Amino acid sequence: MSNEVLGKDSIEVEFNDNVGVVNSDDGSESDHAQECQSDSSELHQGVEESDSSEDEVTPRNTIGDVPLKWYQDEAHIGYDLAGKKIKKKERQDKLDSFLATADDSKNWLKVYDDYNDEEVEVTRQELKLVCRLLKGKAPHADFDPYAPYVDWFKWDDAKHPLSNAPEPKRRFIPSKWESKKVVKLVRAIRMGLIKFDKPKEEQRFYPLWRDDSSSTEKANHLAYIPAPKAKLPGHEESYNPSLEYIPTQEEINSYQLMYEEDRPKFIPKRYTSLKSIPAYDNVVKDIFERCLDLYLCPRVRKKRINVDPESLKPKLPCRRDLKPYPATCYLEYKGHKGAVMSISIEASGQWIASGSLDGTVCIWEVETGRCLRVWVVGEAVQCVAWNPLCELPILAVSAGQDVLLLDTGLGDGEEQKMIKDFLHVGTAKAPDDSGNKVSTVSWLQDDKHEGIRLRHFKTVSLVEWHRKGDYLSTVMPAGESRAVLIHQLSKKHTQRIPFKLHGLPVSAVFHPTRSIFFISTKKTVRVYDLREQKLIKKLETGLREVSSIAVHPGGDNVIVGSREGKLCWFDMDLSSQPYRILKCHPKDITNVAFHRTYPLFASCSDDCTAYVFHGTVYSDLNQNPLVVPLDILRGHASSNGRGVMDCKFHPKQPWLFTAGADSVIKLYCH
């Protein structure tokens, strides 16, 4: 109800036992007093309690406890029971409402309901209840505040109180638990565990011309730094300065020879009185520059965190604890006349094969460096790969469009007989175009080199063996949809992979333990399941161009080398994004390799260096692989802008073989 009706300052309400009178501020009785007196007799008769369901009126607005300020900018104030919007009524201005109040004799009984946007008229009965509440009485007149007390307890035959026990002793002595608590708090205060804030002492004196930016109170709370105050005038700006501040004519002439920024802005002069001082010429310019400094140079205080740079470095183990790893050059294999493009180590680790651009393939003894055998292929050799089975010492050589399967002559008589059976082609097969067989690959008997020649339709850049030794894959970057082929040695037939190639293939690698095939293009590495013939994962390298890949012996981690000198480590169980990117080489990475048994991997580049890393893969999936750089191997010379062309680890020892463009093969040992 508004203040005009029930305000304490505007209306004084008085109730007698039988009569209710409403008085205004000037003491005159209101016209409504008679109405209250006429209804006072009804209060003596008693107010019958009505059913609550009859008194309660269902609100027209159904928005519940939603604040009404949410509907300030809306054309409606809520919704009715039917779900329709309740439009706001047009509110009268103060002048119209005042005139309506003067004309309407019952306007003082009306109250505006904000919830339902309507005016409610207070009934006589409700007015009487409000008047009684303002007087501090009960709402109903029939309520007796001084009713006789009804004692519900039976005191018959009761001579003593409910409990006649004596007062306990603990109520008269200090509590020992409270004393222990006090002792504990005292000890904590003495030890410094509990500290009290010292009262701030008010500063009685402060420097009048202090710079606000040096205020410690503002420095602790405000990030904004106020602009420094302008320099106060000194003795030079005095109208009658001392003679020592006044420059001579020679000094004034020397000022003209200075640069403008070095020249003094104000030259002191001497005047006899204040009246003879002229106006300052640069006052507008100085004020303008001051405003520019304040406007264009915002000042903000930034919190500086003092962090030790050493603490930001990862805690890596010491290199002495990660031995053995290749560190020094032990042996050199010399005999090629051109750049050595590829090397491969035999499964037992006793022999190493190398292919060069001079068209020769050599087999070397690892420990002595003796050249056992040389094949003259006639074309530049791009890749050599040894069969992973010890009982099948067969060497695959890619030269131009041909892949040669050569008998190295190693092994006993039974192994040689088995090899001759493998490398024998009865009749030159011309497979049909049905299925995945490719008619453009011919299996031919090569009597000159006593092996098999696989004639392809494009240049072969890479050859990789399967772990069982019966399959090998070849990569032809210009082969389009038939760029990657898989050959079976026992059945002498070739088949195309049942997957679509997305881009030019760079390399293809078999999984070391499962039937999974990795194909890398210039941007991505795709992982396929050969048994189910579906794509498993796509590794996003984010590199400019991929140059080589290698798979960890466990099979869940892959390293990728690029033409921009970056090496990416992928954890396939973690994500399709690189787990770690190493920027180690300034030039192109030519090859990357994992060791079969030791936690080592390496990369070689055209910068004539090979980097050796320690890479531990944990069986715990919650622990990330540990990658630690170990050493940089140097020794190769650059030739025609090329450096180290290939690197391979020894299958059993922590040794690294590197092949360089300087036609030298180096062995690095621990």
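**View 1. Thr616 touches Pro599, Pro625 and Leu626, leaving aside residues up to four places away in sequence.** Touching, or being in contact, here takes heavy atoms within 4.5 Å. Before going further, note that this is a predicted model: local features need pLDDT of at least 70 and side-chain atom pairs count only at pLDDT 80 or more, while totals for chains, interfaces and linings use all residues. Residues are numbered from 1 along each chain as its sequence is written, and side-chain values use heavy atoms, with hydrogens and water left out. Thr616 sits in strand S31, residues 609-616. Helices (H or I, at least four residues) and strands (E, at least two) are DSSP runs, numbered from the N terminus. The Thr616 side chain also makes a polar contact with the side chain of His614, at 2.5 Å. For a polar contact, two N or O atoms must be within 3.5 Å; within protein, one must be able to donate a hydrogen and the other to accept it, and residues adjacent in sequence count only if both atoms are side-chain atoms. Is Thr616 buried or exposed? Thr616 is buried, because its relative accessible area is 18% and buried means under 20%, with exposed over 50% and partly exposed in between (1.4 Å probe, protein chains only).

View 2. Beyond four places in sequence, Thr524 touches Ile519, Lys538, Leu539, Glu540 and Thr541. Thr524 has 8% relative accessibility, so it counts as buried.

**View 3. Lys84 lies in a loop between two strands.** The strands on either side are S3 (76-79) and S4 (85-87). With a relative accessible area of 57%, Lys84 is exposed. Lys84 still touches Gly78 and Tyr79, once residues up to four places away are set aside. From Lys84 to Asn61 is 23 residues in sequence and 10.0 Å in space, C-alpha to C-alpha.

**View 4. Val463 belongs to the largest nonpolar core.** A nonpolar core is a set of buried Ala, Val, Leu, Ile, Met, Phe, Trp, Tyr and Cys residues joined through side-chain atoms within 4.5 Å. Apart from neighbours within four places in sequence, Val463 contacts residues including Cys383, Ala385, Ala396, Val403 and Leu472. A second, separate core has 16 residues, among them Ala593, Ala602, Val644 and Leu656. In soluble globular proteins, nonpolar side chains tend to be buried together.

**View 5. Glu332 and Lys666 form a salt bridge, with their closest N and O atoms 2.3 Å apart.** A salt bridge is a side-chain nitrogen of Lys or Arg within 4 Å of a carboxyl oxygen of Asp or Glu. Glu332 is in strand S7 (residues 328-334) and Lys666 in strand S35 (residues 664-669), so this pair ties together parts that are 334 residues apart in sequence. Glu332 is partly exposed at 34% relative accessible area, whereas Lys666 is buried at 6%. A search of the whole structure finds 13 salt bridges.

**View 6. Arg642 and Asp606 meet in a salt bridge at 3.2 Å, N to O.** Both residues sit in loops: Arg642 between strand S32 (626-634) and strand S33 (644-649), Asp606 between strand S30 (600-605) and S31, 36 residues apart. Asp606 is buried, with a relative accessible area of 8%, while Arg642 is partly exposed at 32%.

**View 7. Arg60 and Glu118 meet in a salt bridge at 4.0 Å, N to O.** The two are 58 residues apart, with Arg60 in the loop between helix H4 (52-55) and S3 and Glu118 in strand S6 (residues 118-121). Arg60 counts as partly exposed at 35% relative accessibility, and Glu118 counts as partly exposed at 26%.

**View 8. Asp402, Asp446, Arg453 and Arg455 are linked in a network of salt bridges.** Side chains of opposite charge can pair when their charged atoms come close.
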